[in-house]
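Biologist: Please bring up the entry, and let us go through it together.

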Amino acid sequence: MKNRLKLLRAERDWSQGELATRLGISRQSVNAIETGKYDPSLPLAFRIADLFALQIEDIFLRDEEGAGE
Amino acid sequence: MPPIPTARSRHPVLLWCLAFCGAMGVAGLIVHKFDLGWAGTLAIMLTATSMTIPIVRAAERSARFEGNLSPAMRRYNRRMVAGSLLYTLGLFLAVYAYKNWEPTGALLWGLALLPAAGALAMVAAMARLLIEEQDEYLRLKLAQSALFGTGALLVLATIWGFLEQFRLVPHVPAWAAIPVFVIAIGVSRCLSWARA
């Protein structure tokens with residue numbers, strides 16, 4: 001599943017470590033999600049969406065939609 | 001805020017692991033070649049085992065660099081060090097008592113199980129890490145490594161068991177299961193690291 005996490009993070013000028021701290025997860029997890037190696041659980045996806053004040057579907061995209069970045 | 005480790009922090013883990021293996025080998029040779037008495041033997045074995053402490057410290061620096069050092073992992077590292085020291089102590093006491101006291105009955109059963117206490121403490125530490133790890137991605141990686149270790153152990157034990165049945169290979173004691181499992185987990189993590 002593709003996502004816009006890297007773009008959203010860059011817009012806020014956050015490092016992976018900073019985002020990880022805000023989400024209460026490891027930097028490695030942030031990196032794995034951003035690079036599409038790992039799809040987060042629904043609770044974590046909600047936490048990410050809440051942090052960026054967006055809907056989950058605004059961040060995580062179906063494969064056929066593409067990330068666009 | 002702790003200082004940010006540099007890339008150099010990743011390499012000492014391997015060096016300390018090699019130093020640990022070397023120290024265990026040297027300690028074994030010294031114990032077999034020289035009569036150090038029980039106190040000397042125990043001291044040298046505990047000294048060699050305590051080299052797990054710098055390994056853990058280097059591993060934590062590396063994990064911090066990789067961004068995957070969680071509180072659960074820190075607790076796991078400390079439990080593993082305690083387990084390895086307990087194992088060494090238990091093994092020494094059991095062997096010493098067996099050679100010098102000629103125990104029988106329940107005492108012999110207890111002594112035979114003494115080294116298992118430390119080894120089982122390490123297994124318990126692994127289980128608690130899986131339970132306590134709050135980071136779902138790290139937990140997934142741990143579960144994958146544990147499954148790889150279990151699979152590797154089953155495959156090796158099955159193959160070795162039949163080879164042994166036909167007297168093609170020597171007997172291996174059942175306690176070797178834990179070292180094989182741990183080594184397989186290490187291989188799994190190396191493969192995961194190489195793929196990343």
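Biologist: Which residues does Leu54(A) touch, not counting residues up to four places away in sequence?

Modeller: With those excluded, Leu54(A) touches Ala49(A) and Ile59(A). Contact here requires the C-beta atoms of two residues, placed from the backbone, to lie within 7 Å. This is a predicted model, in which local features need pLDDT of at least 70, side-chain atom pairs count only at pLDDT 80 or more, and totals for chains, interfaces and linings use all residues. Residues are numbered from 1 along each chain as its sequence is written, while chains are lettered from A and ligands numbered from 1 in the order in which they are written.

Biologist: Where is the place of Leu54(A)?

Modeller: Leu54(A) sits in the loop between helix H4 (42-52) and helix H5 (56-59) of chain A. Helices (H or I, at least four residues) and strands (E, at least two) are DSSP runs numbered from the N terminus.

Biologist: And why does Leu54(A) count as partly exposed?

Modeller: Leu54(A) counts as partly exposed because it has 13 C-beta neighbours inside 10 Å. A residue is buried with 20 or more other C-beta atoms within 10 Å of its own, exposed with 12 or fewer, and partly exposed in between, the C-beta atoms being placed from the backbone. Leu7(A), which is found in helix H1 of chain A, is also partly exposed, with 13 other C-beta atoms within 10 Å.

Biologist: How many Å apart in space are Leu7(A) and Ile59(A)?

Modeller: Their C-alpha atoms are 9.6 Å apart, although Leu7(A) and Ile59(A) are 52 residues apart in sequence.

Biologist: What feature does UniProt place at residues 5-59 of chain A?

Modeller: The unreviewed UniProt entry gives "domain: HTH cro/C1-type" for residues 5-59 of chain A. UniProt positions are in the numbering used here, feature names are shortened, and annotations may be inferred rather than shown by experiment. In the model, that span is 69% helix and 0% strand, with its end C-alpha atoms 6 Å apart.

Biologist: Moving to helix H3 of chain A, why is it largely enclosed by the rest of the structure?

Modeller: Helix H3 (residues 27-34) of chain A is largely enclosed because 7 of its 8 residues are buried. The buried residues include Arg27(A), Asn31(A) and Ile33(A).

Biologist: What do the buried residues of H3(A) pack against?

Modeller: Within chain A, they pack against strand E1 (2-3), helix H1 (5-11) and helix H2 (16-23). From chain B, helix H3 (52-66) and H6 take part in this packing. Just after H3(A), Gly36(A) takes a positive phi of about 80°.

Biologist: How many residues has the largest nonpolar core?

Modeller: It has 24 residues, and those with the most contacts inside it are Val30(A), Met73(B) and Leu129(B). H2 and H3 of chain A, along with H3, helix H4 (71-101), helix H5 (105-132) and H6 of chain B, each supply at least two of the core's residues. A nonpolar core is a set of buried Ala, Val, Leu, Ile, Met, Phe, Trp, Tyr and Cys residues joined through C-beta atoms within 7 Å. Leaving aside neighbours within four places in sequence, Met73(B) is in contact with Ala63(B) and Leu129(B).

Biologist: Is Ile131(B) buried or exposed?

Modeller: Ile131(B), in helix H5 of chain B, counts as exposed, with 9 C-beta neighbours inside 10 Å. Ile131(B) and Ala72(B) are 59 residues apart in sequence, yet their C-alpha atoms are 9.0 Å apart.

Biologist: How many helices and strands does chain B have?

Modeller: Chain B has 7 helices and 0 strands. Of its 196 residues, 20% count as buried, and its C-alpha atoms fill a box of roughly 55 × 40 × 30 Å along the principal axes.

Biologist: Which residues of chain B does UniProt list for "transmembrane region"?

Modeller: The unreviewed entry lists several stretches, among them residues 80-98 and 175-194 of chain B. Residues 80-98 of chain B are 100% helix, with end C-alpha atoms 26 Å apart. For residues 175-194 of chain B the helix share is 90%, and the end C-alpha atoms are 30 Å apart.

Biologist: How many residues does the contact take from chain B and from chain A?

Modeller: The contact takes 8 residues from chain B and 11 residues from chain A. On the side of chain B that touches chain A, the largest share, 3 residues, comes from helix H6 (residues 136-165) of chain B.

Biologist: Finally, what ipTM and pTM does the predictor give the complex?

Modeller: The complex has an ipTM of 0.88 and a pTM of 0.76. Chain B averages a pLDDT of 85, pLDDT being the predictor's confidence in each residue, from 0 to 100. Over residues 1-8 of chain B the pLDDT is below 50.
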